[in-house]
Amino acid sequence: MGEVWKVTITDSLNRFLGKVLEFLPNLLAMITILVVGFLIAWIFKKLLFRFLKAIQFDRVSRQWGLAEVLSKGGMTYSPANLLSRFFYWVIVFVTLILGINALEVAATQNLIAQFFNYLPHLFAAVIILVIGYLIAVFLGQATLIAAVNAQMESAKLLSRLVRWFLIAFSLTMALYQLGIAEKVITAAFSVIFGGIVLALAIAFGWGGRELAKDFLERLYKKNGKGDEKENHISHI
Amino acid sequence: MEKSFQIQLEEIKVADILIGIPSYNNARTIGHVVRAVIAGLAKYFPKARAVMVNSDGGSTDGTQDEVRRVQIEDFKTILTSHPVNPIQRIVTPYHGIPGKGSAFRTIFEAAKILKTKACAVVDSDLRSITPEWMELLLRPIYEEGFDYVAPLYARHKFDGTITNSIVYPLTRTLYGKRIRQPIGGDFGFSGKLAEFYLTRDVWETDVARFGIDIWMTTLAVAEGFRACQSYLGAKIHDAKDPGSDLGPMFTQVVSSVYHLMEEYQRLWKEVKESQPVPGFGFHYEVGLEPISVNLERMIGNFRLGVRDLKEIWEKVLLPETGNQLESIGRLSDEGFSFPRDLWVRVVYDFAIAYHEGSIHREHLLKSMIPLYLGRVASFVKENQKSSAEEVEKEIESLCQAFEEKKPYLIEHWA
């Protein structure tokens, strides 16, 4: 009885030791991946920050309105600092995934494979959102200034319409990229876009009769057919 | 450069004088300009080997044919004998960005190939050019050893508003030379200066467009070339809609001024005061055609800017400047006034913002237009009853305000 008990215990311990020995290289691999990954992330962050400073990324961000958006959102980091930190955490995150994968635990293998398949879509969606937002801010501002210089009373409204339309458009594209309810998104965008055009047509034709009248009158006068007093100053 | 143009220049080999006429659809007026040039050269430089180059931007109204066709049948009418050397005439299209600057580049290249001693450029839409302009633009270079001749015109008191409210006061303050018409459009320059202009790689920028005039003047002054100005009398252009091109004209000229400020910052920070430049020509009074000004429209544009562009201006101007602008925006048309000192601060603040790059530069300059129109409206309103002489004194006061506030610019320029 005592012998059987002894053998059972020994076998159990041997099996456990075997499993530990089998698992140990994976654990060491994970630790190595984590250490190297963190190191790469840290070096990459430093290099990227220096590169962004060298190309005056903060200045360009100010020009494009990104710095202002971050500031409004309570962000205290500069855009260059923020972007380098973002990539630091992306590398850290990927390192963690790779580390977990190195353990070769069956339950996590599938999840990780799915995650890596999805990662390009996630990146594409983030890039679409960021670029879309910047273009929306830029074109919104360009519209505002052009409309003010064209003496349009509704300059601000027009600028907001341009900005929100472009934001909605990039959001739709990002969601489509993520594969979230693709059909619903496409249909919703078509309905909203169609609705905006219809609303504008009605507003311009009915509610905005005065605006349309004013616009056409000014166009008519600009062509020299009206009798409003013209400026004949030569500016240079 | 066009191959055929280069061949023609190589056949001519050398020239003492080169006259450049940039053009684009100016068939209506270019004939008069060409006649004035031919007569002026025959009368004042009969022994010089002269070449006239028409640098055209692809006119479709027969401008080029008009340049080739025009002749002076009877030289006795201009009290001169036939010129010893006939004037060579070349009509060529220019290449690059469409604009006056690109046309000038072709003229500079011709001057370099022909090893020209003296050059002059005149606008092709001038109605008031006379043969005397040739003498006034060329003689200081041809005989007096100057490198650059800026024009000095008799203009309507409300004409040349970008010149009077920004470019003249600012360049005078920055570089210390009182060149009254730094963007006049008609200039004389030496072959040496033309060659120097060609060494600069600016032909893809606003210099290739309306920025060429201020660029030429600034480089001549800042690089130490001998500059002077000649009184040419009245400047009357062919009629056109001045409002149609204010936007590009304003942004291209002002962006060139601000860009040059960056290039020559070491120089202008050291300049303490301005000096007059030598002048040529006989001054006389000129009767000028009245011009109509729509003050309500300009004030309206300013008010719209105050209402809608506040967010952009806040990034450029000091808070108290913004508050003052808001107060002006609330004034009635009758009481509207944009003070001189405030305008100086606005011009300096926009220069600083341009330098810092805190806003997209084209947006920055376009957002300045309502402020400029506000200042012009105020200037016109305050000087409705003033004589041309009184208006000139007012512009002088503005220049002094720019000079007095220069320490503010230096202090805030990073």
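Biologist: Which residues point one way from strand β4 of chain B, and which the other way?
Modeller: This is a predicted model. Strand β4 of chain B covers residues 118-121, and its residues are buried on either side. B:Ala118 and B:Ala120 point one way, and the other way point B:Cys119 and B:Val121.

Biologist: Which residue of β4(B) is the bridge partner of B:Gly20?
Modeller: Strand β1 of chain B spans residues 17-23. β1(B) runs parallel to β4(B), and 4 bridges join them. In β4(B), the partner of B:Gly20 is B:Val121.

Biologist: And in β7(B), what is the bridge partner of B:Val121?
Modeller: Strand β7 of chain B takes in residues 187-190. β4(B) and β7(B) are antiparallel, with 4 bridges. B:Val121 is bridged there to B:Phe187.

Biologist: Are the residues on the faces of β7(B) buried or exposed?
Modeller: On one side sit B:Phe187 and B:Phe189. On the other sit B:Gly188 and B:Ser190. Both faces are covered, and these four residues are all buried.

Biologist: Which residue in β7(B) is the bridge partner of B:Tyr148?
Modeller: Strand β5 of chain B, residues 148-154, pairs with β7(B). The sense is antiparallel, over 2 bridges. The partner of B:Tyr148 is B:Phe189.

Biologist: Which residues have the most contacts inside the largest nonpolar core?
Modeller: In soluble globular proteins, nonpolar side chains tend to be buried together. Here the largest nonpolar core holds 138 residues. Its residues with the most contacts inside it are B:Leu18, B:Val37 and B:Val253.

Biologist: Which helix gives the most to this core?
Modeller: The helix in question covers residues 340-356 of chain B. It gives 11 residues to the core. That helix is α14(B).

Biologist: Beyond its neighbours within four places in sequence, which residues is B:Leu18 in contact with?
Modeller: B:Leu18 is one of the residues with the most contacts inside the largest core. Its contacts beyond those neighbours include B:Cys119, which lies in β4(B).

Biologist: Why does the radius of gyration of chain B agree with a compact globule?
Modeller: Chain B has 414 residues, so the globule rule gives a radius near 22 Å. The C-alpha atoms fill a box of roughly 65 × 40 × 40 Å along the principal axes. The radius of gyration of chain B agrees with the rule because it is 22 Å.

Biologist: What share of the residues in chain B is buried?
Modeller: Chain B has 18 helices and 10 strands. Of its contacts with a separation of 6 or more, 88% are between residues 24 or more positions apart. The buried share of its 414 residues is 51%.

Biologist: What share of chain A counts as buried?
Modeller: Chain A has 8 helices and 0 strands. Among its contacts between residues at least 6 apart, 63% join residues at least 24 apart. Of its 236 residues, the buried share is 17%.

Biologist: How far apart are the C-alpha centres of the two domains of chain B?
Modeller: Domain 1 of chain B is 3-280, and domain 2 is 295-412. The two touch: 21 residues of domain 1 are in contact with 26 of domain 2. On the domain 1 side, α6 (161-175) and α9 (246-263) of chain B each give two or more residues. The centres lie apart by 30 Å.

Biologist: Which element gives the most to the side of chain A that touches chain B?
Modeller: The contact takes 22 residues from chain A and 35 residues from chain B. On the chain A side, α2 (57-64), α5 (106-149) and α6 (155-178) give two or more residues. That side divides into 9 nonpolar, 8 polar and 5 charged residues. With 7 residues, the element that gives the most is α5(A).

How values were computed
Residues are numbered from 1 along each chain as its sequence is written. Chains are lettered from A and ligands numbered from 1 in the order in which they are written. This is a predicted model: local features need pLDDT of at least 70, side-chain atom pairs count only at pLDDT 80 or more; totals for chains, interfaces and linings use all residues. Two residues are in contact if their C-beta atoms, placed from the backbone, lie within 7 Å. Ala, Val, Leu, Ile, Met, Phe, Trp, Tyr, Cys and Pro count as nonpolar, Asp, Glu, Lys and Arg as charged, and the others, Gly among them, as polar. A residue is buried if 20 or more other C-beta atoms lie within 10 Å of its own, exposed if 12 or fewer, and partly exposed in between; C-beta atoms are placed from the backbone. Two strands pair if DSSP finds at least two bridges between them. Domain bounds come from an automatic or database domain assignment. A nonpolar core is a set of buried Ala, Val, Leu, Ile, Met, Phe, Trp, Tyr and Cys residues joined through C-beta atoms within 7 Å. The radius of gyration is taken over C-alpha atoms; the globule rule is 2.2 Å times the number of residues to the power 0.38.
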